[in-house]
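Dear colleague,

Please find below the sequence and structure that I am handing over to you. A short account of what was found follows them.

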Amino acid sequence: MPDDFIRKSQAEREAANMPDLAIAREELGWDAFRSWLDYLPGGRLNIAYEAVDRHVVHGHGEREALRWLSKNGDRRSFTFAELKRETDRFARMLADRGFGKGTRAYSLLGRVPELYIAALGTLKAGGVFCPLYSAFGPEPVRSRLEIGEGEVLLVSPRTYTKKVAPARKRLPHLQLVLLTPCADQTPEGTVDLAQALGETPAEFECVATDPQDMALLHFTSGTTGKPKGAVHVHEAVIAHNATGRIALDLHPEDIYWCTADPGWVTGTSYGIIAPLCAGATMVIEEAEFDAERWYGLLEREQVTVWYTAPTAIRLLMRAGAELAKEHDLSRLRFLASVGEPLNAEAVQWSARVFGKPFHDNWWQTETGGIMIANYASMDVKPGSMGKPLPGVEAEIMEVGEDALAPVEGVMQPGHLALRAGWPSMFRTYLGEQERYEKTFQDGWYLTGDLAMRDADGYFWFVGRADDVIKSAGHLIGPFEVESALVEHPAVAEAAVIGMPDERVGEVVKAYVTLHHGHEPSEELRKQLIAHARKKLGAAIAPRQIEISDDLPRTRSGKIMRRLLKARELGLPEGDTSTLESTA
Ligand code: AMP
C-alpha cells in the first residue's frame with residue numbers, strides 16, 4: 001500500500017471547519033451536532049426547515065441558494081427566500097389536494113428545478129420523498145412505486161407515457177401524477193404541475209414533524225430479492241448538516257457542485273440537503289458528463305467545493321491534463337469523491353493537475369451520510385477512504401456464527417461495521433423488517449463491505465462481501481437483472497455478475513440458459529440485450545450476455561455467481577464442495 005501522505009499546511013488546517021480530527025473526536029459528537037440546527041418548537045425537526053426556511057428567518061433570504069444550468073445553456077437562480085416561497089407553494093398544493101403527513105411522493109424527473117422544489121416541498125408538507133433515476137426503465141420504476149406505495153409522482157409527459165402509463169392500473173396507490181414540463185395535452189389521470197402551482201398561493205407553515213418521522217425513501221440493491229427501500233427520518237439532517245460542514249468543509253460563501261443525480265442517495269443528502277443547510281450556493285447541472293463542459297462549468301461558475309465520483313474522475317484523467325490546464329480552476333479549494341474505490345493514482349493526478357487532492361469518503365444508502373472521510377485538515381493517504389467522523393465508531397470485524405470480534409492487527413481485511421445509532425442510520429427496509437434486522441449484530445451494523453485499517457487509523461476499501469455490482473457509481477442488484485431476463489420467453493435461467501472495467505468500475509454481464517426449443521444464436525443474444533434495455537433502462541441492463549448450456553449451482557440449487565466470476569477472470573475457484581453442476 002502506498003504510504004506517502006499528501007500533507008496539509010498549517011493555514012489549510014486552520015481554515016477548515018474542523019481544524020483537528022483528534023480533538024473533534026473528543027469534543028464533538030451527535031449531541032453537539034444537534035445543537036448546530038435550529039429545530040422547531042417542542043423538539044420538532046423538519047429537514048426542509050433547516051435547509052431553507054431557517055436561512056430566511058436568520059436574515060439571509062437574499063443569498064443565492066440554487067443555481068440551475070440547463071442542457072441548452074439557460075440558467076435559473078433562486079435565493080433562499082425564493083426557494084422558501086416555491087417550496088411553500090408546492091407543500092400547499094399537496095395539502096390542498098389532501099396530501100400531507102406520510103404521503104409518499106416520488107420523482108422521475110431529471111435534474112430540473114422542479115425536482116428540488118418538490119423534494120423540499122414534500123418534506124415541508126410532512127411527506128416522504130423518493131427520488132428515482134429518470135434513466136430507469138419501466139420495470140424498476142413500477143417495482144419501486146409498488147414497494148413504496150407511491151401516491152404522488154412527478155414525471156415528464158414523455159416518461160409518463162413510456163414508463164408509467166402502461167403499468168398505471170397495477171399501481172392502485174398512485175393518485176396524483178404531476179407532469180412537467182407542460183404538455184400539449186395532459187393524459188387522463190394526470191395534472192399539469194405548472195398549472196397546479198399557478199393556482200396555489202405560496203403560503204404554508206412547515207409541518208412540525210417529529211425527528212423520527214419518515215422523510216426519505218431511497219432504493220438500493222441487494223444480492224437477492226426485490227430492491228430494498230431504505231427508510232430515513234427527519235433526524236438524518238443532523239448528519240447531513242454536520243458532515244457537509246466537516247467532511248465537505250462547506251462554508252456559507254462556498255459555490256458548491258455535487259455532480260450526483262438525486263436518484264442516487266449522494267444527490268439528495270449532498271446534492272440538496274447538506275449544501276442548503278450550510279447556506280452555500282449549490283450549482284445544478286442538468287446535462288450528463290462531458291469533460292470540456294465540466295471544466296467550463298467549474299471555471300465560469302467559480303466553483304469552490306466539488307463533490308464527484310471516481311468514474312467521472314477517470315474520464316477526466318482520460319481526457320488529459322492539458323484540457324484541465326486550459327481552464328482557470330484557481331477558485332477550487334476542496335475536492336471530494338465517493339461511491340467507488342478511488343485509486344491512489346487518481347488522487348495523485350488531481351494533486352498534480354488541480355494543485356489539490358481528491359478527498360475520498362465512504363458511505364452508503366443505508367448510512368444516509370458520510371461516515372469515513374479524508375478531511376480538509378487531515379493529511380491524505382492516496383488510496384485510503386480516510387478516518388471515521390466524530391461520533392462514528394467504525395471497526396473491522398470478523399463475523400462468526402453468532403458473535404462478532406474485531407480483527408486483530410493492522411491491514412487485515414474484515415467486515416466493515418459501524419456502531420448502530422447515528423441519526424442518519426436507515427430505520428428499516430420498507431416492508432422487510434427481518435431483512436433489516438439481519439444487517440445488525442451485537443449492536444453493530446454490518447455494511448456489506450470488506451475493509452482494513454492501517455497503523456495510523458486510516459481505512460482502506462477491500463471489496464464487497466456480497467454479489468452486488470457497482471457500475472459507474474450505481475449499485476445494481478443481480479437479482480433484478482436476472483428477473484428481467486427470465487421474463488423473455490427463450491430464457492430459462494439467468495445469472496448476473498460484475499466484470500471489472502477500467503472506466504466504470506464494473507459492467508454487468510449476464511449468463512443465460514435457454515428453454516427447450518430455443519437455439520443459441522447471435523440474433524437471439526442481441527434480442528436479449530434489447531429486451532433487457534427496454535425493461536430495465538440503460539443504467540442497469542447488461543452490456544454483455546452469454547448463452548450457456550448450464551450454470552454452476554450449489555446442492556441446494558442456488559446459482560453460484562461467484563464461481564462464474566472466478567472462471568471469467570481466471571481466478572482460483574475456491575471451495576466448490578457444495579457445487580453440483582460444474583458446467
Ligand atoms: P450506495 O448505497 O449506492 O451509495 O453504494 C454504497 C456502496 O458503494 C458501499 O457499500 C461501497 O461498496 C461503495 N462505496 C462507497 N464509497 C466508497 C469508497 N469511497 N470507496 C470504495 N467503495 C465505496
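A crossing of two helices is called left-handed if the near helix is turned anticlockwise from the far one by less than a right angle, and right-handed if clockwise. Helices (H or I, at least four residues) and strands (E, at least two) are DSSP runs, numbered from the N terminus. This is a predicted model, in which local features need pLDDT of at least 70 and side-chain atom pairs count only at pLDDT 80 or more, while totals for chains, interfaces and linings use all residues. Residues are numbered from 1 along each chain as its sequence is written, and side-chain values use heavy atoms, with hydrogens and water left out.

Helix packing

With that definition in hand, α4 passes α11 in a left-handed crossing. Helix α4 covers residues 47-57 and helix α11 residues 265-278; their axes lie 8 Å apart and pack at an angle of about 40 degrees. Axes here are lines fitted to C-alpha atoms, for helices over the stretch in contact, and angles run from 0 to 180 degrees between N-to-C directions. The angle makes α4 oblique to α11 (under 35 degrees counts as roughly parallel, over 145 as roughly antiparallel, 65 to 115 as roughly perpendicular and the rest as oblique). In contact (heavy atoms within 4.5 Å) are Ile47, Glu50, Ala51, Val52, Arg54 and His55 of α4 with Ile273, Leu276, Cys277 and Ala278 of α11.

A second pair is α7 and helix α18 (residues 522-536), whose axes come within 4 Å and cross at roughly 40 degrees. Thus α7 is oblique to α18. Pro138, Glu139 and Pro140 of α7 meet Lys534, Lys535 and Leu536 of α18.

The ligand

Which residues are closest to the ligand? They are Asn361, Gln364, Thr365, Arg464 and Lys470, among 18 residues that surround it (a residue counts if one of its heavy atoms lies within 4 Å). Polar contacts are pairs of N or O atoms within 3.5 Å. A polar backbone atom of Asn361 is 2.7 Å from a nitrogen atom of the ligand, and a backbone N or O atom of Gly339 lies 3.2 Å from a ligand nitrogen atom. The side chain of Asp449 has an N or O atom 2.9 Å from an oxygen atom of the ligand.

Backbone exceptions

Most residues other than glycine have a negative phi, and most peptide bonds are trans. Glu149, in the loop between α7 and β5, has a positive phi of about 50 degrees. The peptide bond from Thr180 to Pro181 is cis, with omega near 0 degrees; Pro181 is found in the loop between β6 and β7.

Yours sincerely

Terms used. A polar contact is a pair of N or O atoms within 3.5 Å; within protein, one must be able to donate a hydrogen and the other to accept it, and residues adjacent in sequence count only if both atoms are side-chain atoms.
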